[in-house]
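Thanks for coming. I have one structure to go through today, so let me put it on the screen.

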Amino acid sequence: MRRLIVVVLAFAFLAATPARAQLTIEIVGGAGTTVPIAIVPFGNESSWPLGITGLVGADLARSGLFKPVDDAGIVPRPTRAEDVRFGDFRARGVDAVVVGSMRPLGEARVEVRFALLDAVKQTQLAAMTYVVTPAQFRATAHKIADVIYEKLTGDVGVFSTRIAYITKQGTRFELVVADADGGNPQTIVGSNEPLLSPSWSPDGTRLAYVSLENRKPVIYVQSLATGARQVLANFRGSNSAPAWSPDGRRLAVTLTKDGGSQLFLINADGTGLQRLLTSPGIDTEASFTPDGQALLFTSDRGGTPQIYRIAIATGAVERMTFEGGYNVSPRATPDGKGFVFVRRDGGRFMIAIQDHATRQVQILTPGPLDESPSIAPNSKLIIYAAQQGARGILAGVSSDGRVKQRLVSPAADVREPAWGPLPR
Amino acid sequence: MRKWILAALIVAAIAGCKSTEGDKAAPIEEGAPTATAPAAGSGATTAGATTPGVAGTPAATGTTPASALRDPKNILSKRSVYFDYDQFAIKDEFKPMIEAHAKYLQANRGARATLQGNTDERGTREYNIALGQKRADAVKKLMVLLGASEVQIETVSFGKEKPRREGHDEASWAENRRVDIVHAGE
């Protein structure tokens, strides 16, 4: 509960304007098996124009792992776990049931209770109570969806997380932060020059990004709470590809100040610059491994761009990709098991995932111009930029390649997605 | 003879772009010392370039006027170096123009220039930033060999972020694989 309030407060202080173009997410390919789930409208829910169960169902459906089942015909609708007659739900093929109620507490506060039941085993899996204001209904719905997702799949839910992305409309570029479902979009930077490479601080309070507003790439770090930003790196030449360390204290960046694109570490306040490697070619696109001990990066030291790993303490470098002539943009998966990246094959740019243990590569997307993969904090879903006709769109794919989503914006070109951390 | 030296220098510059060390042999080692030769003497395109005696004098006394940069009849008005897909090698056709800009900087030691590298839309954004940088660095390397000073030139990259042509065809891509020479104040 305290967490929820903190999240909502952070939004309240967000010095930002609502973005015009809200993303809507469509499922374009589902998992082989989905859990049939009945989300019964909560008791008293219709007293508020914006309810909760609709958002919970939409979250779960979008994950591609659940199939919301209509509860129509079950009278009276149960609102408490003890009122559920499991036979009614089993007759409709339902495996899981969500019931709940909402009650005004005065001073615009509302008590929201819900319970998640296993209709097959006829047991209760979870029950929670929240006290919130109507302005927090969206956040509450995402929280409930997270609980249901976690109980039924065993993985952490990411419905309460946020995403950042860049929009381009005409000559206008905006860096937008939105809820993971595309709702509540807020523009945090607007510019007439390109913006790229947004990267979340691990605590979700700041974004690093690259702006060309000074006729060259310069890295900024911006607070989401205040909107204030500071220059992280503006050295001679190009400054790009920021990536936060898991402890949030420093970033890996690519600088050309000493010639060539080379990797450096820099403290989050812009001090303590330290060169990491010296190579004759391109080294860029660093991504910390979850333990913070190593970086994955792209280098053309071997003649073609491939993915390498450097142990920070020793400087030992190891090549990670061997198939194909173009493997770039590595992003370590949060579970430490591997990395996603972009592979070019036959002129097509596709998102792929490689497992550390087996070195097996799985191509996850069809291309032709897929790039900028970013992984959800539960390592289960990857958001990336794709081209649809002449337009840039965002798309999602599960890390097993089965669930496919498309995030549609009504007007703008959308690119450079970055999945934020779990709320703390 | 002079042309011959220049040709050798260009060869040296290109060799330098491709391999870093290695060839201890002839072209690079010999090229570097002679790099001052055209500077001292002549410069076909920068007639009246500074003599060795005035080499340390501040910019304003340079003998190539800044207006030459905007004279459409002057080769200095040409600014774009084009590249093949995935390549950073400088094609012969652009060398006279690059040399003219190098000589201009040599003659105007206070002058500064930025080389802006660009790529076509294929490839990822950050890797293309690095590719564009590599192209700009290749042009800088040649300009320094031809008489410009290291401190006069900043190389930056826009990657695929600022395409001159927005199309998704080979003609647009070819136009966007480019380094632009931008003189300070422009």
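I'll begin with chain B: among its contacts between residues at least 6 apart in sequence, 71% join residues at least 24 apart. Keep in mind throughout that this is a predicted model. Chain B has 186 residues, and 44% of them are buried. Its secondary structure amounts to 6 helices and 4 strands. In sequence order the pattern reads α-α-α-β-α-β-α-β-α-β.

One helix pair in chain B deserves a look. Helix α4, residues 95-107, and helix α5, residues 125-145, have axes that come within 8 Å and cross at roughly 60 degrees. At that angle α4(B) and α5(B) are oblique to each other, and their crossing is right-handed. Which residues meet there? From α4(B) we have Ile98(B), His101(B), Ala102(B) and Leu105(B), and from α5(B) we have Val139(B), Leu142(B) and Met143(B). By class, that contact consists of 6 nonpolar residues, 1 polar residue and no charged ones.

Now the contact between the chains. Chain A puts in 29 residues and chain B puts in 18 residues. On the chain A side, five strands each supply at least two residues: β11 (195-200), β15 (239-244), β19 (283-288), β23 (327-332) and β27 (371-375). The chain A side that touches chain B divides by class into 11 nonpolar, 13 polar and 5 charged residues.

Two packed helices are described by the angle between their axes and the distance between the axes. For α2(A) and α4(A), the axes come within 8 Å and cross at roughly 45 degrees. This makes α2(A) oblique to α4(A), and the crossing is right-handed. On α2(A) the residues involved are Leu55(A), Val56(A), Asp59(A) and Leu60(A). They meet Arg138(A), Ala141(A), His142(A), Ile144(A), Ala145(A), Ile148(A) and Tyr149(A) of α4(A). The contact of α2(A) with α4(A) comes to 8 nonpolar, 1 polar and 2 charged residues.

A few backbone details in chain A are worth checking on your own screens. There is a cis peptide bond between Val75(A) and Pro76(A), with omega about -5 degrees. Pro76(A) sits in the loop between β4 (66-68) and α3 (86-90) of chain A. Another cis bond runs from Gly367(A) to Pro368(A), with omega near 10 degrees. Pro368(A) is in the loop between β26 (361-363) and β27 of chain A.

Glu285(A) has a phi of about 55 degrees, and Arg359(A) has a phi of about 60 degrees. Glu285(A) is in strand β19 of chain A, whereas Arg359(A) is in the loop between β25 (348-355) and β26 of chain A. Are they buried or exposed? Glu285(A) is buried, because 32 other C-beta atoms lie within 10 Å, and the cut-off for buried is 20 or more. Arg359(A) is exposed, because it has 12 other C-beta atoms within 10 Å, and exposed means 12 or fewer.

Leaving out neighbours within four places in sequence, its contacts are Gly302(A), Gln306(A) and Tyr308(A). Ser299(A) is 20 residues from Arg319(A) along the chain, and their C-alpha atoms are separated by 9.4 Å.

That is the end of my list.

Terms used. Residues numbered from 1 in each chain as written. Chains lettered and ligands numbered in written order. Predicted model: local features only at pLDDT ≥ 70, side-chain atom pairs only at ≥ 80, totals over all residues. Contact = placed C-beta atoms within 7 Å. Nonpolar A, V, L, I, M, F, W, Y, C, P; charged D, E, K, R; others polar. Axes fitted to C-alpha atoms, helices over the stretch in contact; angles between N-to-C directions. Parallel < 35°, antiparallel > 145°, perpendicular 65-115°, else oblique. Left-handed = near helix turned anticlockwise from the far one by under 90°.
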